[in-house]
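Please work through the exercises below with the sequence and the structure in view. Each task is followed by a solution in steps.

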Amino acid sequence: MASHETFMALALLESQKALPACLPNPPVGCVLVRNEQIVASGYTRAPGEYHAEADALAKILEPMTGLTAYVTLEPCSFHGRTPSCADELIKQGIEKVVVALLDPDPRNNGRGLKKLCQAGVEVVQGVYAEKVSEFLETYLYQADSDLKSNDGSHE
Ligand SMILES: [Zn+2]
């Protein structure tokens with residue numbers, strides 16, 4: 001029986017295809033699974049184009065019932081250059097969302113998962129987090145980057 005880790009590992013592989021076109025957005029991967037079968041996969045496209053979740057959802061032509069989304073990063077909760085992925089997953093009736101990492105971006109940072117929970121979507125977080133973090137961490141919002149750039153900048 002395939003585990004959460006198996007599918008998250010595949011989402012991680014997908015996410016590696018996002019570079020370098022996705023930058024400065026983090027390279028995220030998503031696989032959509034039904035009855036332990038992958039029905040679609042996607043990754044972050046160029047800024048202003050599909051995020052990983054939307055990229056995968058766009059490939060599904062059949063009804064979206066009984067789907068679990070495996071996403072390497074928490075779906076975005078805010079409308080930036082593209083609509084919010086959390087809203088899109090809810091709109092499409094996703095049943096379950098499994099994420100590896102929370103998005104440290106202060107515009108998101110737990111809000112995406114909260115939104116999904118409040119809409120009745122089952123949420124699992126922290127799956128395969130260590131491996132995903134090794135690849136993804138350097139591309140994520142760095143909370144302390146302002147402090148670092150101020151260090152020793154005036155003599
Ligand atoms: Zn998004």
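Predicted model: local features only at pLDDT ≥ 70, side-chain atom pairs only at ≥ 80, totals over all residues.

**Exercise 1.** Identify the strands to which β1 is joined by bridges, and state how they run.

Solution. Take strand β2, residues 37-43, to start with: six bridges join β1 to β2, and the two run antiparallel. Within this pairing, Gly-29 faces Tyr-43 of β2. Two residues lie between the strands of this hairpin, and Asn-35 adopts a positive phi near 50°. Turn next to strand β3, residues 68-73, which is antiparallel to β1 and joined to β1 by four bridges. Here Val-33 has Thr-68 as its bridge partner.

**Exercise 2.** Explain why β1 is largely enclosed by the rest of the structure.

Solution. Strand β1 covers residues 29-34, and five of these six residues are buried; therefore β1 is largely enclosed by the rest of the structure.

**Exercise 3.** Which residues have the most contacts inside the largest nonpolar core, and what does Met-8 touch?

Solution. The largest nonpolar core has 41 residues. Those with the most contacts inside this core are Met-8, Cys-30, Ala-69, Tyr-70, Val-71 and Val-97. Leaving out residues up to four places away in sequence, Met-8 touches Tyr-70, Val-98, Ala-100, Val-127, Tyr-128 and Val-132.

Conventions. Residues numbered from 1 in each chain as written. Core = buried A, V, L, I, M, F, W, Y, C linked by C-beta atoms within 7 Å. Buried ≥ 20, exposed ≤ 12 C-beta atoms within 10 Å, placed from the backbone. Contact = placed C-beta atoms within 7 Å. Pairing = 2+ DSSP bridges.
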